[in-house]
Amino acid sequence: MNSETPLLEILTSATAGRYRNVVHGAVDRTADRLGAVERPTTDTPASVLRDRVAAIDLARPLGSAEAAVVEVDELFAAEAVWFHAPGSLAHLNCPVAVPAVAAEAVLAAVNPSVDTWDQSRIGTEIERRVVSWATGTIGFAAGDGVFTSGGTQSNLHALLLARQAATTARRGSARRAPALDDLVVFATASSHFSVRKSAMLLGLPERAVVDVAADAAGRMRPDALAHAIADARREGRSPMAVVATAGTTDRGCIDPLVPIADVCDLEDVWLHVDAAYGCGLLVSPTRRHLLAGIERARSVTADFHKSFFQPVSSSALLVRDPEDLRRASWHADYLNPEDADEPNQVDKSLQTTRRFDALKLWATLRASGADAIGRAFDVVLDVAERVHEHVAAHPDLVLVAPTQLSTVLFRWQPDGVTDAEADALVAPLRAALLAEGRVLVAKTVIDRRPCNKLTLLNPATSTEQVVASLDHVVRTAARLHADGVHGHAGTTTGATR
Ligand SMILES: Cc1ncc(COP(=O)(O)O)c(C=O)c1O
């Protein structure tokens, strides 16, 4: 080490002034970027981005926090994908609430971990209060839960609890607990892939997840669920859980929760509701009824970083019976011994060190209240309704499916364009738009045919702005088609529209 080698700057009482200057500098630069954003991202080619990152020599530090902040701004922020831009229409990413971002800044500096009481104290109390507020919005009389890193973890956690419940022999029962190989999880083809991934992580065989038949909108059919459970029992298999989705990722549809809960009650099967996307309805002043029956779930996934406008990460697994969380508790002498008399959140979580994400939702609730969040989600859903009408009436677009939330599934297919040609254009259209950075759309497969997808999640984006983005999508598709660009067609029929 020579005298030129920079020292690591640690945030302490002595460096609080440095923190103020460095972070203010970062905030100023980011605010300038935010203010200037017109497009979701730039048109810098992928190879240039890769080369720029590769060219940085990590063995040669810049020498100061200020210089690193400038580099982060110019390397990363200048090329970031911005979810608040009106053309940002691809995925389930939301623009974020200002008080939540401020709380995130506090978290970054304080750096709490809500695993044990002695590491968080008031943080534990705040998380517990936010969880209790959230379970109240569901209608659980005395629920509990814990913040997680996202819907994937919340679903995994729920299915772990369900697996433990299914494989723990009931006291007094002569029946042997079922083996993992015999467990069955009932979902639909539209449920999130994390359900299947969780089953794999939980040691269940591939056949464990059964796709229950769905209606034309992809929603689970309760009659088909009852039959599927009966079939499984007849085969000597054991129903472990039913996963109903309140807001499917592609279609934005909600499985019929009341009749599904009826089947689960009758069959005594764990009902998990994946409301990662649809949880915003919990606070919607006009559409709360769409979640009727959610209070009958045994566990619920809520992704506040989707429809509550919270920064990543902010999700929770919420349970109706607090005792259920104990099914995955683990105790360590050094941390959370069984006889601890302090409320240790680690007892309830899959994680040990864990971010205090609840503070962001707390700050948002304190700044503007739950109604404001629900109203913002309502605005998005109103815009989605109008965009659906626009696409349905558009001569060059086909509306692929209805929604109950805010996705728009469509295909560019003017008269004379064959199904095969339209299908083949879906992937290149998305790629061309991404390369340009002005309007970002997604692609998926619905009823075995590819299509493009918008996911609206920005209450500040108007119908007119989405329509203008769609006009650009239509022009781009027509140009690609005229240029003879096409990708892999997938399943096609060759028919013309
Ligand atoms: C219905 C549903 N469940 C779960 C998830 C996973 O959430 P996360 O990305 O926060 O892990 C998603 C993500 O889009 C989703 O749409």
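Helices (H or I, at least four residues) and strands (E, at least two) here are DSSP runs, numbered from the N terminus. Residues are numbered from 1 along each chain as its sequence is written. You are looking at a predicted model, where local features need pLDDT of at least 70 and side-chain atom pairs count only at pLDDT 80 or more, while totals for chains, interfaces and linings use all residues.

**Stop one: the two domains.** Colour 13-82 as domain 1 and 113-355 as domain 2; the bounds come from an automatic or database domain assignment. Taken over C-alpha atoms, their centres are 38 Å apart.

**Stop two: helix α1.** Select residues 16-36. Next, burial: a residue is buried if 20 or more other C-beta atoms (placed from the backbone) lie within 10 Å of its own, exposed if 12 or fewer, and partly exposed in between. The number of buried residues in α1 is zero, so the helix lies largely in the open.

**Stop three: the ligand.** Show its shell, counting a residue as near if its C-beta atom, placed from the backbone, lies within 6 Å. There are 15 residues around the ligand, and Gly150, Gly151, Thr152, His192 and Ala276 come nearest. Which helix gives the most to this shell? That's α7 (residues 151-167), with three residues. By type, the shell has three nonpolar residues (Ala, Val, Leu, Ile, Met, Phe, Trp, Tyr, Cys, Pro), two charged (Asp, Glu, Lys, Arg) and ten polar (the others, Gly among them).

**Stop four: strand β7.** Select 315-319. Five of its five residues are buried: Ser315, Leu317 and Val319 point one way, Ala316 and Leu318 the other. Strands pair if DSSP finds at least two bridges between them. β7 pairs in the antiparallel sense with β1 (residues 144-148) over five bridges, with Val146 opposite Leu317. β6 (residues 299-303) also pairs with β7 in the antiparallel sense over five bridges, and there Asp303 stands opposite Ser315.

Most residues other than glycine have a negative phi, and most peptide bonds are trans. In the loop between α11 and β7, Phe309 has a positive phi of about 60°, and it is buried, with 26 C-beta neighbours inside 10 Å. Also check the cis bond joining Val312 and Ser313, omega about 0°. Finally, Asp268, between α10 and β5, has a positive phi of about 55°; Asp268 is exposed, with 7 other C-beta atoms within 10 Å.

Technical notes. The expected span of a helix is 1.5 Å times one less than its number of residues.
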